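Please open the model in your viewer and keep a selection panel at hand. The stops below go from one selection to the next.

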Amino acid sequence: MTEPTALTVSVNGAPVAVAAGTTLDALVATLTDAPTGVAAALNETVVPRGRWTTAALSDGDRVEVLTAVQGG
């Protein structure tokens, strides 16, 4: 069986098409260019930033990306 060329994942509740083999770090990079203050969860589990490069996405995955903001 061949791997699909596109997957659909939910990003912060919205469906997003990504290429097969996309990792969490690549997806996050399309959402924010913030070098720090970003957290990501994959299927309700927080993924440490050091593991983003090896966290491959699968069709139907749920991703939540949070960016810390300062203000008062």
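Throughout this tour, two residues are in contact when heavy atoms of theirs lie within 4.5 Å. The model is a predicted one, in which local features need pLDDT of at least 70 and side-chain atom pairs count only at pLDDT 80 or more, while totals for chains, interfaces and linings use all residues. Residues are numbered from 1 along each chain as its sequence is written, and side-chain values use heavy atoms, with hydrogens and water left out.

Begin with threonine 22, which sits in the loop between strand 2 and helix 1; helices (H or I, at least four residues) and strands (E, at least two) are DSSP runs, numbered from the N terminus. Leaving aside neighbours within four places in sequence, threonine 22 is in contact with Leu27, Ala55, Ala56 and Leu57. Its relative accessible area is 15%, and it is therefore buried, where buried means under 20% relative accessible area, exposed over 50%, and partly exposed in between (1.4 Å probe, protein chains only). A polar atom of the threonine 22 side chain lies 2.6 Å from the backbone oxygen of alanine 19.

Next, select helix 1, residues 24-31, and look for Leu24, Leu27 and Val28, which are buried. Viewed down the axis of helix 1, the buried residues fall within an arc of 100 degrees, so they line one face of the helix; the arc is that of the directions from the helix axis to the C-beta atoms. Ala29 and Thr30, on the other side of helix 1, are exposed. The cover over the buried residues of helix 1 includes strand 1 (6-11), strand 2 (14-19), strand 3 (38-42) and strand 5 (62-67).

Stay with leucine 24, which touches Ala40, Val47, Trp52, Ala55, Leu57 and Val63 when residues up to four places away in sequence are not counted. A nonpolar core is a set of buried Ala, Val, Leu, Ile, Met, Phe, Trp, Tyr and Cys residues joined through side-chain atoms within 4.5 Å. The largest such core has 16 residues, of which Leu24, Val28, Trp52, Leu57 and Val63 touch the most other members. Strand 1, helix 1, strand 3 and strand 5 each supply at least two residues of this core.

Now move to strand 3, where four of the five residues are buried, so that the strand is largely enclosed by the rest of the structure. Two strands pair if DSSP finds at least two bridges between them, and strand 3 pairs with strand 5 in the antiparallel sense over five bridges. Valine 38 stands opposite threonine 67 in strand 5. Strand 3 is also joined to strand 4 by two bridges, the two running antiparallel, and together they form a hairpin with two residues between them, in whose turn asparagine 43 has a positive phi of about 55 degrees.

Within strand 3, pick alanine 41, which stands opposite valine 46 in strand 4. With residues up to four places away in sequence not counted, alanine 41 touches Val46, Val47, Arg62, Val63 and Glu64.

For the last stop, show glutamate 44 and arginine 62, which form a salt bridge with their closest N and O atoms 2.6 Å apart; a salt bridge is a side-chain nitrogen of Lys or Arg within 4 Å of a carboxyl oxygen of Asp or Glu. The pair links distant parts of the chain, with glutamate 44 in the loop between strand 3 and strand 4 (45-46) and arginine 62 in strand 5, 18 residues apart. Glutamate 44 is exposed, at a relative accessible area of 60%, whereas arginine 62, at 37%, counts as partly exposed.

Conventions. A polar contact is a pair of N or O atoms within 3.5 Å; within protein, one must be able to donate a hydrogen and the other to accept it, and residues adjacent in sequence count only if both atoms are side-chain atoms.
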